[in-house]
Amino acid sequence: MKSSSLVKLCKLLCCVVCIIAAHSGFALGAKGDTECAAGSGETCGVKFPSSNSFVHADYPVNFKRVKDMFASRTSGFSEDTLLELNYGAKRTANGHMDFMVDHVQTMAQDNVSGFRPWGERDGVKYETHDLYTYRGGGAGYFRLKAELECNEELFVSLLMDAEAISVMDETVRVMEFFYDYPDKQTWLNYWRASPGPTFSDIDGIDITGWRKANGKLYQVSVSVPHELPMTEGAYRGVDLYWGYEIEPILNSSGEKSGRFRMTLISQTILNNWLPNFLAKIKIGDVLADYVRTIERTANQKESEGKLGYYLKKYGFQE
């Protein structure tokens with residue numbers, strides 16, 4: 001299967017999966033209209049580009065398309081805005097976040113039935129769940145587990161940094177955290193990626209953020225594909241389930257050891273020409289590679305003395 005078609009398939013999967021991994025946002029994006037008071041329930045406009053934004057330098061045509069897309073939304077966002085998921089459920093952003101954290105907490109448990117082994121790559125084991133795959137129209141539902149060695153808060157911070165994401169994934173064309181909620185843990189994120197010159201782009205709009213609960217760190221995301229209009233030249237991907245559960249491993253003194261147990265739950269609808277059964281062939285490997293890429297990048301950033309910078313920037317330190 002070492003063919004140009006497989007290479008293109010892998011690159012496409014990297015485009016979608018890695019961007020979705022990254023969009024699970026933790027950014028200090030623009031607040032839009034300054035007259036909108038936080039917590040007032042009023043709507044705020046959105047600004048593009050925001051302060052946590054990456055736009056590829058060689059992307060002038062589609063940059064205009066994305067800018068026009070943002071400008072076409074006549075109403076803004078607030079913490080009380082009801083946002084619609086792909087299957088029609090409407091909640092506030094925090095409501096969707098709570099739902100996703102609960103889902104990840106449940107599905108990360110080892111005793112959950114329905115999972116079966118699907119593969120292993122570079123020490124990352126992954127499983128699939130046939131019932132959830134069926135409910136998702138054939139889009140693969142995956143659970144990955146591994147032990148990682150890096151600072152867990154830096155790991156999450158890099159997932160929310162538009163510039164870092166663009167370095168970790170060369171397919172990124174736009175990464176935009178365009179609205180930040182008053183809790184400073186929840187964001188709206190737009191992403192766009194290009195798998196290659198012969199393929200259309202893939203984009204998406206997500207509620208994304210992080211939470212802490214019961215000594216664990218959660219980073220979750222879910223798509224709200226109808227909150228911005230479709231843009232020319234792009235298929236709209238939909239993240240049905242996405243979330244990390246991160247549990248620090250303690251040493252004999254009860255202190256953090258620098259290692260943590262990671263569980264990742266993932267189910268994405270590509271909404272393009274690629275059949276689900278082909279996507280399922282390689283998606284586990286792609287996810288595993290991305291997890292290890294973030295781990296290596298986190299260790300590199302810490303060795304460069306940038307740990308405090310990222311933790312402060314993304315709210316883990318005062």
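**Before you look.** Strands here are DSSP runs of E at least two residues long, and they are numbered from the N terminus. Keep in mind that this is a predicted model.

**View 1. Lys184 sits in a loop between two strands.** The loop runs between strand S7 (172-180) and strand S8 (186-193), and Lys184 is found in it. What is the phi of Lys184 near? It is near 65°, a positive value in a residue other than glycine. That's worth a second look, because most residues other than glycine have a negative phi. Lys184 counts as partly exposed because its relative accessibility is 37%, which falls between the 20% and 50% cut-offs.

**View 2. Asn214 is another loop residue with a positive phi.** You'll find Asn214 in the loop between strand S9 (201-213) and S10. Its phi is near 55°, again positive in a residue that isn't glycine. Is Asn214 buried or exposed? Asn214 is exposed, since its relative accessible area is 71% and anything over 50% counts as exposed.

**View 3. Trp118 and Phe142 make an edge-to-face pair.** A pair of aromatic rings is described by the distance of the centres and the angle of the planes. The protein chain has 15 aromatic pairs by the rule used here. In the pair formed by Trp118 and Phe142, the ring centres are 6.2 Å apart and the planes make an angle of 70°. Trp118 is partly exposed, with a relative accessible area of 31%, whereas Phe142 is buried, at 0%.

**View 4. Tyr132 and Tyr141 make a stacked pair.** Here the centres are 4.6 Å apart, with 25° between the planes. The pair counts as stacked because the cut-off for that label is under 30 degrees. Both Tyr132 and Tyr141 are buried.

**View 5. Ring pairs join several aromatic residues into a cluster.** Who's in it? The cluster consists of Phe70, Phe77, Phe178, Tyr179, Tyr181 and Tyr190, linked by ring pairs.

View 6. Arg121 lies in strand S4. Leaving out residues up to four places away in sequence, Arg121 touches Tyr126, Asp285, Ala288 and Asp289. How many residues apart are Arg121 and Val286 in sequence? They are 165 residues apart, yet their C-alpha atoms are 9.3 Å apart in space. Arg121 is partly exposed because its relative accessible area is 34%. Zooming out to the protein chain, take the contacts with a separation of 6 or more: 67% of them join residues 24 or more positions apart.

**View 7. The largest pocket is lined by 14 residues.** Lys145, Glu245, Glu247, Arg261 and Thr263 are the lining residues nearest its centre. Strand S6 (141-149), strand S10 (216-223), strand S12 (238-250) and strand S13 (256-269) each give two or more residues to this lining. The volume of the largest pocket is about 210 Å³. Sort the lining by residue type and you get 7 charged, 4 nonpolar and 3 polar residues.

**View 8. Stepping back, the protein chain holds 8 helices and 13 strands.** Of its 318 residues, 55% are buried. The chain exposes about 13700 Å², and carbon and sulfur atoms supply 49% of that area.

How values were computed
Residues numbered from 1 in each chain as written. Predicted model: local features only at pLDDT ≥ 70, side-chain atom pairs only at ≥ 80, totals over all residues. Heavy atoms only, no water. 1 Å grid on protein atoms, 1.4 Å probe; cavity = no way out; pocket = protein on both sides within 12 Å on 5 of 7 lines; lining within 4 Å. Points joined across faces, edges and corners; volume = space filled by probe spheres on them. Helix = DSSP H or I, 4+ residues; strand = E, 2+ residues; numbered from the N terminus. Nonpolar A, V, L, I, M, F, W, Y, C, P; charged D, E, K, R; others polar. Buried < 20%, exposed > 50% of the residue type's maximum accessible area, 1.4 Å probe, protein only. Contact = heavy atoms within 4.5 Å. Areas by Shrake-Rupley, 256 points an atom, 1.4 Å probe, with all protein chains shown as cover. Phe/Tyr/Trp six-rings, centres within 6.5 Å; stacked < 30°, edge-to-face > 60°.
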